[in-house]
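I set out below what I looked up in this structure, in the order in which I consulted it.

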Amino acid sequence: MEYFLELGHIGLFIAAFLAATILPLSSEIVLSALLLNGLSPTTLVITATTGNVLGSLTNYALGYWASLVVVKKWLRMSEADFVRAEQKFVKYGMFALCFVWVPIIGDPLTVMAGVLRVRLMWFLILVTAGKFLRYVAISYMVLNVN
C-alpha cells in the first residue's frame, strides 16, 4: 500500500504539471481519487500546487523567450485566445494571474504574463496563491460534501 501512495503523489505532480501546460488533463480528478483513498490532504495540496505552478512557469518561460508564432503553435492557441488574455491583463492587471486555474483562459494568461514580462516574483506569488486556494477548496469539497 505504501508503494501505491508514493506513486500517487508522483502521478498527481505529473498530472498537475501537465494540466497547466499543453495537455487537456484534469488534476482535480487525480487529487480527488487520492483524497478518497485516505492520503494526507496537506501533502496532496502541496504536491498538486507545486506541479501546477511549475507547469504555469513553463508557459511563462515560453512566452518570455519564444516568439508569438512559436507560442501559438506549441500551445495551439488562436489569435482570439491571445486577444482575450491580453484584454484580461489590461482590464484586471497582474491580479488576473490569481485566476490562471480557470479553464480556457488560464494557459493564455500565463503565456501572456511571459510575453508582457511580468516580474517573476509577482507571477509566482499570484499564480501560487490562486492555484493553492483552488486545491484547498477542491479538497474541502471532496472530503466534506456527502
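I began with the largest cavity, which has a volume of about 30 Å³. A cavity here is a set of points on a 1 Å grid over the protein atoms alone where a 1.4 Å probe fits but cannot get out; the volume is the space filled by probe spheres set on points joined across faces, edges and corners. I note that the model is predicted, that local features need pLDDT of at least 70 and side-chain atom pairs pLDDT 80 or more, and that totals for chains, interfaces and linings use all residues. Residues are numbered from 1 along each chain as its sequence is written, and side-chain values use heavy atoms, without hydrogens and water.

I then listed the lining residues (an atom within 4 Å of a point): Asp-81, Arg-84, Ala-85, Ile-104, Ile-105 and Pro-108. Helix α5 (residues 79-92) gives the most, with 3 residues; helices are DSSP runs (H or I) of at least four residues, numbered from the N terminus.

Next I looked up salt bridges (a Lys or Arg side-chain nitrogen within 4 Å of an Asp or Glu carboxyl oxygen) and found 1. Arg-134 pairs with Glu-28, the closest N and O atoms being 3.0 Å apart. Arg-134 lies in helix α7 and Glu-28 in helix α2, so the pair ties together parts 106 residues apart in sequence.

I checked accessibility, where buried means under 20% relative accessible area, exposed over 50% and partly exposed in between (1.4 Å probe, protein chains only). Arg-134 is buried at 11%, whereas Glu-28 is partly exposed at 24%. Asn-52, in helix α3, is buried at 2%.

Methods: Helices (H or I, at least four residues) and strands (E, at least two) are DSSP runs, numbered from the N terminus. On a 1 Å grid over the protein atoms alone, a cavity is a set of points where a 1.4 Å probe fits but cannot get out, and a pocket is an open set with protein on both sides within 12 Å along at least five of seven lines; lining residues have an atom within 4 Å of a point.
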